[in-house]
Amino acid sequence: MAALHWLAWARLADFANLVLYVVLHVGMFCQVSHAAAHGRWAGSRWVKLLQRSGLWVSPAAHRLHHCELDKNFCIVNGWANPLVDRLF
């Protein structure tokens, strides 16, 4: 019985590690996409391509993110802004 109890905790720890891994990597991706709009990559061809495709936030939407401090929080691509703006 003790072995099953330990196994349950081991699986929970594995799940917690997976969640932490995913959250950290998604958070890192969000920060990289936002930094690319500011830093030395801002005018690069691949950043412009991602912005034009809608996968990353457009320059106009990014300006709104900085001008209106009470909305437009979704810094990756802005798709969820209508929903998130209603929540906050």
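Analyst: The model is predicted.

User: How are the planes of phenylalanine 73 and phenylalanine 88 arranged in their pair?

Analyst: The ring centres of phenylalanine 73 and phenylalanine 88 are 6.1 Å apart, and the planes stand at 75°. Planes over 60 degrees apart count as edge-to-face. The pair is therefore edge-to-face.

User: How many residues apart in sequence are the parts that this pair ties together?

Analyst: Phenylalanine 73 sits in the loop between helix 3 and helix 4 (81-87). Phenylalanine 88 belongs to the segment after helix 4, so the pair ties together parts separated in sequence by 15 residues.

User: Is phenylalanine 73 buried, partly exposed or exposed?

Analyst: The relative accessible area of phenylalanine 73 is 37%. Buried requires under 20% and exposed over 50%. Phenylalanine 73 is therefore partly exposed.

User: How many aromatic pairs does a search of the whole structure find, and what is the geometry of the one formed by tryptophan 46 and tryptophan 56?

Analyst: The search gives 4 aromatic pairs. In the pair of tryptophan 46 and tryptophan 56, the centres are 5.5 Å apart and the planes are at 65°. That pair is edge-to-face.

User: Where in the chain do tryptophan 46 and tryptophan 56 lie, and how many residues apart are they?

Analyst: Tryptophan 46 is in helix 2 (residues 45-53). Tryptophan 56 is in the loop between helix 2 and helix 3 (59-67). The pair links distant parts of the chain, 10 residues apart.

User: Which residues form one aromatic cluster?

Analyst: Tryptophan 46 is partly exposed at 39% relative accessible area, whereas tryptophan 56 is buried at 6%. Both belong to one aromatic cluster, whose members are Phe29, Trp41, Trp46 and Trp56.

User: Which residues does histidine 34 touch, not counting those up to four places away in sequence?

Analyst: Histidine 34 lies in helix 1 (residues 2-38) and is buried, with a relative accessible area of 15%. Its side chain is joined to that of histidine 38 by a polar contact of 3.4 Å. Beyond four places in sequence, histidine 34 touches His62, His65, His66 and Ile75.

User: What is the value of phi near for asparagine 72?

Analyst: Asparagine 72 lies in the loop between helix 3 and helix 4 and counts as buried, at 11% relative accessibility. Its phi is positive although the residue is other than glycine. The value is near 60°.

Notes. Residues numbered from 1 in each chain as written. Predicted model: local features only at pLDDT ≥ 70, side-chain atom pairs only at ≥ 80, totals over all residues. Heavy atoms only, no water. Phe/Tyr/Trp six-rings, centres within 6.5 Å; stacked < 30°, edge-to-face > 60°. Helix = DSSP H or I, 4+ residues; strand = E, 2+ residues; numbered from the N terminus. Buried < 20%, exposed > 50% of the residue type's maximum accessible area, 1.4 Å probe, protein only. Polar contact = N/O pair within 3.5 Å; in protein donor to acceptor, adjacent residues only side chain to side chain. Contact = heavy atoms within 4.5 Å.
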